[in-house]
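Open the model in your viewer and keep the selection panel at hand. The stops below follow one another, each with something to select.

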Amino acid sequence: MRAVLVLSLALAPAASAQSPSVPQSFTRADQGHCIACHRLPDGVGSPTRASLGPALTGTRMRELKPEGIREAIADPTRANPETVMPPFGKHRILDQAEIDRLVEVLHALP
C-alpha cells in the first residue's frame, strides 16, 4: 500500500506537467467562465458540450501563440467587432495576472 502511495506521488508532477490545471477563472461565472462557450480537450478541466466559441485545442492555441491568446482574452473586439466574447481585460473582468495564467494554461493544452 505504501509503495502505491509513493509511486502515485512520484508520478503526480509528470502528469500535471502534461495537463495544466485549469484556473478558477476558467470555470467561475463571476470571472472568465470560459467553459460556458468553449470546450477543452478531453481530460482537461470540467467536461462541457459548449459550442458557441471554438474548441480550445492545443494545436489551435499553439498556432495563436501566447501573444494572440492574450489579445483574444484581453480584447477580442479588436479582431472581431461582432464577437460575443467579452473583452475580459478591457472591461477589467480579469486582471493581468489572471489573463497571464489563462494564456499559460491555454498555450500548454494537449
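Two residues are in contact when they have heavy atoms within 4.5 Å. This is a predicted model, in which local features need pLDDT of at least 70 and side-chain atom pairs count only at pLDDT 80 or more, while totals for chains, interfaces and linings use all residues. Residues are numbered from 1 along each chain as its sequence is written, and side-chain values use heavy atoms, with hydrogens and water left out.

**Whole chain**

Start with a cartoon view. The protein has four helices and zero strands, in the order α-α-α-α from the N terminus. Helices (H or I, at least four residues) and strands (E, at least two) are DSSP runs, numbered from the N terminus. Of the 110 residues, 27% are buried; buried means under 20% relative accessible area, exposed over 50%, and partly exposed in between, with a 1.4 Å probe and protein chains only. Among contacts with a separation of 6 or more, 47% join residues 24 or more positions apart. Switch to the surface: its accessible area is about 7300 Å², and carbon and sulfur atoms hold 56% of that. Areas come from the Shrake-Rupley method with a 1.4 Å probe, and for residues only the protein chains shown count as cover.

**Helix 2**

Select residues 24-27, which form helix 2, and pick out Ser 25. Ser 25 counts as buried because its relative accessibility is 4%. Beyond its neighbours within four places in sequence, Ser 25 is in contact with Gln 31, Gly 32, His 33, Cys 34, Leu 94 and Leu 102.

**Helix 3**

Now select residues 58-74. How far does helix 3 span between its end C-alpha atoms? The span is only 19 Å, whereas a straight helix of 17 residues would span 24 Å at 1.5 Å a residue. The expected span is 1.5 Å times one less than the number of residues.

Move to Lys 65, where helix 3 bends by about 100 degrees; a proline, Pro 66, follows within four residues. The bend is the angle between axes fitted to the seven residues ending at a residue and the seven starting there. Lys 65 also has a positive phi of about 65 degrees although it is not a glycine. Most residues other than glycine have a negative phi. With 48% relative accessibility, Lys 65 counts as partly exposed.

Glu 67 is found in helix 3 too, and it counts as exposed because its relative accessibility is 53%.

Next, colour Gly 58, Met 61, Ile 69 and Ile 73, which are buried in helix 3. The buried residues of helix 3 pack against helix 4 (96-107).

Select Arg 92, in the loop between helix 3 and helix 4. Its phi is near 60 degrees, a positive value in a residue other than glycine. Arg 92 is exposed, at 74% relative accessible area.

**The largest pocket**

Finish at the largest pocket, which holds about 610 Å³ of space. Select His 38, Pro 54, Ala 72, Pro 76 and Met 85, which lie nearest its centre among the 29 lining residues. Which helix gives the largest share of the lining? Helix 3 does, with eight residues; helix 3 and helix 4 each supply at least two. On a 1 Å grid over the protein atoms alone, a pocket is an open set of points where a 1.4 Å probe fits, with protein on both sides within 12 Å along at least five of seven lines, and lining residues have an atom within 4 Å of a point. Grid points are joined across faces, edges and corners, and the volume is the space filled by probe spheres set on the points.
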